[in-house]
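Have a look at it, then read on.

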Amino acid sequence: MQNIEHRAQSTDIKKRIALNKLWDYIFLATGLVSTLAGLVLLFALMTNLFIDGSQRLSYKFLTAFPSRFPEEAGILSAWVGTFLLMLVTAFAAIPLGVAAGIYLEEYAGKNWLTDIIEINIANLAGVPSIIYGLLALGMFVYFFKFGESVLTGGLALALLILPMVIMATREAIRAIPNSIREASYALGATKWQTVWWHIIPYSTGGILTGIIIGLSRAIGETAPIITVGALTFIAFLPAAPVSAEFPFISFKWLFDPFTVMPIQIFNWVSRPQQGFHINAAAAGIVLLCMTLFMNAAAIYIRYKFRKRIKW
Amino acid sequence: MKRTVSRKIKERIIETGLFLCALSSVFITLSIVVILTYESYGFFKEVSVVEFFTGTTWTPLFAEPKFGILPLVSGTLLITAISLMVALPVGLISAIYLSEYAPHKLRETIKPVLELLAAVPTVVYGYFALLFLTPLLQKILPDLSGFNAISPGIIMGVMIVPYVSSVSEDAMKAVPMYIREGSYAMGATKLQTAFKVVIPSAFSGIAAAFIMGISRAIGETMVVAIAAGMMPNFTINPMEPVQTLTSYIVQVSLGDVPHGTIEYKTIFAAGMVLFLMTLFFNIIGFWLRKRIREAY
């Protein structure tokens with residue numbers, strides 16, 4: 001009698017184990033599917049974009065100005081604008097961000113001011129990009145009177161990626177072991193000498209990776225640039241930065257109106273004609289290649305520096 | 001002697017310079033607050049606060065303007081809700097899969113690819129929503145309008161998935177191995193361990209990931225501006241076109257609105273509401289992340 005009951009119990013348990021294992025397998029499958037679903041969908045979308053856009057991609061597309069006729073329109077003013085904007089962004093964000101990162105890691109004491117700066121940077125990273133556009137509109141366009149120019153757009157994007165640059169710098173510096181600093185101090189170096197000759201060179205890889213990823217985000221940003229009033233139809237280039245006459249270098253381009261790649265795409269997508277949608281897809285391919293190339297470069301740099309430096 | 005003095009001065013100057021750079025980030029926040037407050041203040045001198053927060057019609061560009069922000073807020077929340085319905089389950093399941101099930105090699109290959117997903121410019125996602133997903137959905141739902149809330153919502157969800165899954169996965173990875181081993185020793189399966197042990201232990205981190213996802217969805221602009229239509233619509237019907245706070249700002253900025261007019265000030269008032277909404281979620285997220293750091 002007892003034996004039978006015992007056997008019944010053990011089949012019960014076996015059933016339960018089988019059921020639990022079944023659930024485990026079901027979840028395993030669900031997990032794999034939902035992890036890959038995003039990738040598969042993205043792959044499908046990319047393919048779609050490439051099929052739509054590749055018919056318009058040509059040398060002429062890269063060297064023509066926008067036009068009323070989709071077949072004749074190109075992205076010359078857009079990619080030149082993007083390039084100039086990135087120049088301004090990099091010049092503003094890199095020194096400021098790296099310096100702030102160095103201060104917070106190497107100099108800052110543990111006090112309320114440091115806490116405020118840290119909380120503030122974490123918060124800035126979560127502010128929507130369009131708010132930076134409003135900030136730039138109020139501050140750079142109307143308060144500093146930079147106008148709706150390359151300078152304003154570049155500075156808006158610089159503010160946007162500043163938290164990313166600071167965080168990347170800090171992470172890169174944090175990875176340097178303390179023994180390096182102690183060795184430098186032991187030889188009589190000052191704090192700044194240590195930073196300049198040791199901390200900065202050893203963290204260059206990490207900082208560079210962060211900067212490139214930040215810039216690749218800035219390249220695709222549309223909202224803040226629309227807010228500062230970039231034009232959607234520009235059939236001329238900003239003034240050339242170098243000229244044959246004295247003083248050879250001109251900064252007039254900083255104050256010229258501009259357009260950028262994402263805005264050009266937005267403009268074309270928003271039109272009802274099919275022809276412009278093809279243009280949007282083609283420009284999308286170019287923009288996507290730029291960001292993916294930058295990200296690949298960042299991954300490569302990170303890999304290379306990690307291999308070179310062994311503590 | 002003289003050399004040490006000049007060296008000390010140089011060190012002080014450099015330190016001060018670096019400090020000012022770090023402090024500049026605080027000035028950015030302050031300027032955001034000052035500019036939004038200043039322009040909104042000008043706005044609220046002409047429009048009553050009560051009308052602004054309770055009105056259900058938003059037509060500031062009409063001849064007879066109405067300034068009720070609710071349609072924009074409802075549009076923002078509607079699209080955010082749709083995107084979260086996609087992003088939260090998919091993000092959480094794939095985080096559990098990557099953290100608890102996936103072989104090491106697969107995880108190391110998938111993570112960078114997921115990060116690349118986050119690098120795709122949002123305007124390209126907008127293209128997908130308008131010209132790929134909407135026509136596709138229209139085959140299933142014939143009365144779906146060309147601009148609607150559901151299509152940008154879904155695409156935005158896909159956009160946020162990598163974000164949610166990577167932050168949640170980090171939180172689950174931070175749960176010490178011995179806690180899992182205790183569960184396995186009691187005869188629990190991986191699934192039971194994941195749901196009854198790992199998720200509760202990593203709860204703060206997962207919640208932080210969700211909250212940050214919400215904040216991103218609220219602030220997302222281009223997908224909505226392209227695919228949701230620019231129609232302030234006080235509705236919860238995802239088939240209709242809607243306008244969000246962000247896409248309203250885009251719409252006004254695209255036109256030629258003169259500085260100082262009431263139309264110009266509306267974008268700052270809308271921006272203020274947007275800033276406060278995201279700030280609220282960011283603070284909760286920040287507090288939750290701080291809690292995980294203290295837990296282990």
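## Chain B

In chain B, residues 24 or more positions apart account for 73% of the contacts with a separation of 6 or more; two residues are in contact if their C-beta atoms, placed from the backbone, lie within 7 Å. This is a predicted model, where local features need pLDDT of at least 70 and side-chain atom pairs count only at pLDDT 80 or more, while totals for chains, interfaces and linings use all residues. As for labels, residues are numbered from 1 along each chain as its sequence is written, and chains are lettered from A and ligands numbered from 1 in the order in which they are written.

Chain B has twelve helices and zero strands. Helices (H or I, at least four residues) and strands (E, at least two) are DSSP runs, numbered from the N terminus. Of its 296 residues, 49% count as buried. A residue is buried if 20 or more other C-beta atoms lie within 10 Å of its own, exposed if 12 or fewer, and partly exposed in between, with C-beta atoms placed from the backbone. Along the principal axes, the C-alpha atoms of chain B fill a box of roughly 80 × 70 × 35 Å.

## Chain A

Over in chain A, there are eleven helices and, again, zero strands. Buried residues make up 43% of the 311 residues here. Take contacts between residues at least 6 apart in sequence: 78% of those in chain A join residues at least 24 apart.

The box for its C-alpha atoms, along the principal axes, is roughly 110 × 70 × 40 Å.

## One helix up close

Helix α4 of chain A covers residues 112-125, 14 residues in total, and its first and last C-alpha atoms are 20 Å apart, close to the 20 Å expected at 1.5 Å a residue. That expected span is 1.5 Å times one less than the number of residues.

Which residues of α4(A) are buried? They are Ile117(A), Ile121(A) and Leu124(A). Looking down the axis of α4(A), these buried residues fall within an arc of 65°, so they line one face of the helix; the arc is that of the directions from the helix axis to the C-beta atoms. An α-helix has 3.6 residues a turn, so residues three or four places apart point the same way. On the other side of α4(A), Trp112(A) and Asp115(A) are exposed.

## Where the chains meet

The contact between the chains involves 70 residues of chain B and 71 residues of chain A. On the chain B side, helix α1 (residues 2-46) gives the most, with 19 residues. That side divides into 47 nonpolar, 18 polar and five charged residues. Here Ala, Val, Leu, Ile, Met, Phe, Trp, Tyr, Cys and Pro count as nonpolar, Asp, Glu, Lys and Arg as charged, and the others, Gly among them, as polar.

Val123(B) sits in helix α5 (residues 122-140) of chain B. Val123(B) counts as buried because it has 27 C-beta neighbours inside 10 Å. Leaving aside neighbours within four places in sequence, the contacts of Val123(B) include Gly220(A), Pro262(A) and Ile265(A).
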